[in-house]
Amino acid sequence: MRFDVFCSIAQTPIANRIPAESTLLVNFLEQARAADELGYGTLWVAESHYSSELQKRHLAPVIPHWKGEIGLNTDICQLAHRVFGCTRRIEVGSAIMNIVCNGGPLPAAERVATALAWHGLDPDERRKLHIGFAVGRFDFINRLTGIAPREQWEELAWPQVRNAILREAAEIFVRLLQGEELRSDDIQEQALTLKSFNDPAKWAETKAKAGAHGETLRIPRRWNFEITKVIPCGWRRELLRLVVGSHDPDLQVLLNTFAPVRVFNLSITSPDVIETTHERMRHAYHPAGGPWQRSYMPRTVFVFLNAQAGLTPERQRTAAQEEAESALAQYWIAMEGTLEPGRVARAADNALIGNPEDIARQIVDRFDPHDRLMLWFDFFNHDSARVVANMEQFMHSVVPRLADLGIPTRRHPSE
């Protein structure tokens, strides 16, 4: 089993206090150095763009109740350069890079190529840059940069159209990073069908609005361009790991016809989807990446660990549970505006909560011994010293218990 760290760098109020941007960035680098020294494999960092606070003034805000900023990382390439510069062994990953906004997949591919050209200048450098990529969770970001419905029927079927936009962008992005010379006509044209919709009535309404009568509804390209390739182009491609942030089976298979592309997984994904994905990828994974391994689909999980000295194991367990419920409640209030106990309970079911013995047993009960876990320690927690202490306790107190329970673990290197 492998252990990574997930960081959000969220500028959110806790106890009615919002830390300064510089404080959060300094805290992040402190946690990155600690993760490196402790032996975590990859540091995954959330990405966001533009002010989530000001989007509350939009005509149709996406997260109208969120206070502060969802995340301060807007460019994984610049962030990775800083992390690589102050650490020795840990790798860096984007969770995830939005390849649709800010000009789309062409400039996104060029940024990644440039970052890796610099990163790989040292012939002894072996650390990977893991690029998790997708369309982005918060649609106001895409709309701010021109990715919005162009016709009334696109507005009606926007979730389906947005998924099609991701498929178009992802193919461009992956193929450019393979060094291909590419024009937009080389990219698979996108279309909607009945399969794209959960509701047949919505499909019929969309076709009627578009004036379409056949079994498919063509979506005009978002990116039209003549032949090109990204530069620099001579960088070391063994330093790149591509990870698609989508559970669209067709997209996973398509991208793996061009290059080895792994899958990014959220903590809320159901176990049956996880196992189905592993089975699909065992057959679909590009042969250049070798045999598919479970660790190629990292899984995000909240961690609420209490190993405070002087407390009984039962009191540690209770304190961790209280902390988890408080943080998860704050999150759902920010996301939805109301507190629904059922949502908090379901999120807690996907978290690791308790003292070191509790968490070790939860891992054994819920995960495969070959999984890779992205441990989220800074979730609604701005106390960097506490975050680092929890990272230390996990490695020093939880991981040895896993070995005693028959779960082998692996630290550096990440692969």
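Author: The names come from DSSP runs, numbered from the N terminus: helices are H or I runs of at least four residues, and strands are E runs of at least two. Before going on, please note that this is a predicted model, in which local features need pLDDT of at least 70 and side-chain atom pairs count only at pLDDT 80 or more, while totals for chains, interfaces and linings use all residues. Residues are numbered from 1 along each chain as its sequence is written, and side-chain values use heavy atoms, with hydrogens and water left out.

Two packed helices are described by the angle between their axes and the distance between the axes. Here, helix α3 (residues 105-119) and helix α6 (residues 158-177) have axes that come within 9 Å and cross at roughly 30°. The axes are lines fitted to C-alpha atoms over the stretch in contact, and angles run from 0 to 180 degrees between N-to-C directions. On the α3 side, the contact (heavy atoms within 4.5 Å) is made by P105, L106, A108, A109, V112 and A113. Their partners on α6 are A169, I172, F173, L176 and L177. By class, the contact has 11 nonpolar residues, no polar and no charged ones. In this scheme Ala, Val, Leu, Ile, Met, Phe, Trp, Tyr, Cys and Pro count as nonpolar, Asp, Glu, Lys and Arg as charged, and the others, Gly among them, as polar.

N102 is found in the loop between β3 and α3, and its phi is near 55°, a positive value in a residue other than glycine. In strand β3 (residues 91-98) you will find I96, which is joined to A95 by a cis peptide bond with omega of about 0°. Another cis bond runs from I231 to P232, with omega near -5°; P232 lies in the loop between β6 (217-219) and β7 (240-244). For background, most residues other than glycine have a negative phi, and most peptide bonds are trans.
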